[in-house]
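Colleague: Could you walk me through this model, with the cut-offs behind each term?

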Amino acid sequence: MPRSAFAILFSTALIVMIAWTAPFLVAQPASAPWPPPPAPADNPTTPERVELGRYLFYDVRLSGPGYMSCGTCHRPELGFSDGRRVAIGITGERHPRNTPGLANVGYFQVLTWANPSETRLEEQSIRPLFGRDPIEMMAEGRQADILARFEADLAYRARFQAAFPETGGAIDFPAIRMAIAAFQRTLISADTPYDRHVRDPASGALSPEAERGMDLFFSDRLACGTCHLPPHFTDAAVEPRFHNTGLYNLDGAGAYPEGNQGLIEHTGDPATMGRFRTPSLRNVAVTAPYMHDGSIATLDDVISHYAAGGRAALSGEPSPLTSPHVRGFPIRETERASLTAFLHALTDATFLADARIQSPYRWRGNAP
Ligand code: HEC
Ligand code: HEC
């Protein structure tokens with residue numbers, strides 16, 4: 001082979017190698033300035049459980065038919081959301097709800113959009129795995145098949161053994177759910193420009209425009225910080241709270257669309273119509289579309305919704321059930337731009353690129 005051809009081949013190989021390994025060389029996130037998420041006594045967040053959980057989270061073999069994983073809907077590059085208006089299950093059935101991101105989910109006292117009894121990550125995964133209404137991963141009735149897939153895989157047997165030595169590495173759904181929960185407790189975002197600004201206000205991490213947006217966000221006039229409490233930008237990390245932001249008023253009395261009415265579906269109390277848990281705003285710039293039903297496409301439209309005192313007020317009457325904290329406010333164009341810049345400063349590039357939380361199957365697509 002002529003030397004020049006060899007050189008071209010060699011440098012091409014080098015470039016390919018660097019391109020492949022580069023994502024693994026990204027800086028690891030600065031350690032969070034708050035403690036790691038609390039874990040139940042029987043499910044400590046050990047490195048072995050986290051690693052097993054990571055494999056399982058991204059493994060399509062965990063679904064009945066074998067072609068959907070948690071990661072199909074919770075995509076790391078989208079802050080663990082899916083970019084769809086509402087989620088779509090393995091049979092093509094539409095979920096009534098938008099897929100939330102999972103950053104800092106280990107800190108939340110209440111999980112999902114509006115179910116006050118959903119409080120533990122270990123239990124939450126039962127819903128996507130076995131739920132029939134809507135069908136998501138369709139594991140119901142196929143448990144034995146699914147477990148057999150992992151039993152047949154030597155690497156998995158070793159991972160279960162390392163993660164659960166006390167049970168001899170038994171491969172069952174309780175262990176699967178515990179490992180996935182342990183993995184999710186490591187999805188920690190703590191390195192947004194906002195975080196860096198809080199750690200060191202002189203760092204220049206926030207642009208002057210974003211800093212003005214931050215002041216607006218926490219101002220009495222806009223009051224966003226009342227519910228989107230820092231550092232996780234949701235009050236769900238403090239206690240279970242649910243709010244009606246006035247998106248719908250179908251009947252003049254504040255009705256939300258049938259089948260997606262929020263807390264009332266669990267309490268039966270008419271006063272809780274349209275109340276939803278506050279979503280975190282970490283990575284919000286990459287988790288569009290917005291709201292429990294994905295019915296707002298852009299952050300600018302979210303701002304219009306709040307400025308009007310609830311979207312219902314934009315096209316008709318404001319909902320009488322709207323939270324007293326969603327009052328509506330005047331906002332100038334420059335202020336809108338500043339607020340948007342601040343919301344963009346909640347994007348955690350370190351988190352989104354963190355090699356430790358990506359799919360271990362990334363080079364083969366979302367499949368083993
Ligand atoms: C078909 C898409 C889909 C799949 C697959 C899926 N999810 Fe979800 N996930 C959703 C949707 C939609 C919600 C909101 C559900 C609701 O509010 O009723 C959600 C909510 C969650 C939440 C609550 C987040 C929060 O902010 O409270 C967690 C945790 C979660 N999913 C983890 C998982 C795990 C673990 C798996 C795999 C076992 C999984 N999901 C599979 C779509 C999906
Ligand atoms: C009364 C509490 C409350 C206040 C005040 C509030 N929010 Fe919200 N926010 C919520 C709740 C609850 C939702 C979800 C509502 C739904 O889906 O029906 C939400 C949703 C959002 C979303 C969509 C996030 C997503 O992932 O879907 C954004 C963005 C947002 N709020 C920004 C703001 C801004 C900016 C302000 C201030 C102008 C603000 N919020 C004020 C409670 C509040």
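Modeller: Let us start with a helix pair: helix H2 (residues 47–57) packs with helix H7 (residues 154–163) at an angle of about 145°, their axes being 8 Å apart. Axes here are lines fitted to C-alpha atoms, for helices over the stretch in contact, and angles run from 0 to 180 degrees between N-to-C directions. Helices (H or I, at least four residues) and strands (E, at least two) are DSSP runs, numbered from the N terminus. This is a predicted model, in which local features need pLDDT of at least 70, side-chain atom pairs count only at pLDDT 80 or more, and totals for chains, interfaces and linings use all residues. Residues are numbered from 1 along each chain as its sequence is written, while chains are lettered from A and ligands numbered from 1 in the order in which they are written.

Colleague: Which residues of H7 does H2 meet?

Modeller: Contact is set by C-beta atoms, placed from the backbone, that lie within 7 Å. On the H2 side, Glu48, Arg49, Glu51, Leu52 and Tyr55 take part. The residues of this contact divide into 5 nonpolar, no polar and 4 charged (Ala, Val, Leu, Ile, Met, Phe, Trp, Tyr, Cys and Pro count as nonpolar, Asp, Glu, Lys and Arg as charged, and the others, Gly among them, as polar). The H7 partners are Arg159, Phe160, Ala162 and Ala163.

Colleague: Why is H2 described as largely enclosed by the rest of the structure?

Modeller: A residue is buried if 20 or more other C-beta atoms lie within 10 Å of its own, exposed if 12 or fewer, and partly exposed in between, with C-beta atoms placed from the backbone. The buried residues of H2 include Val50, Gly53 and Phe57, and its buried residues pack against H3, H7 and H8. H2 is largely enclosed because its buried residues number 8 of the 11.

Colleague: Which residues are closest to ligand 1?

Modeller: A residue is near a molecule if its C-beta atom, placed from the backbone, lies within 6 Å of it. The shell around ligand 1 divides into 15 nonpolar, 9 polar and 2 charged, and its largest share, 3 residues, comes from H3. Of the 26 surrounding residues, the closest are Cys70, Cys73, Thr112, Trp113 and Pro128.

Colleague: And which come nearest to ligand 2?

Modeller: This shell divides into 15 nonpolar, 9 polar and no charged. Helix H12 (residues 299–307) gives the most, with 3 residues. Of the 24 residues there, the nearest are Cys224, Cys227, Tyr290, Met291 and His292.

How values were computed:
Contact = placed C-beta atoms within 7 Å.
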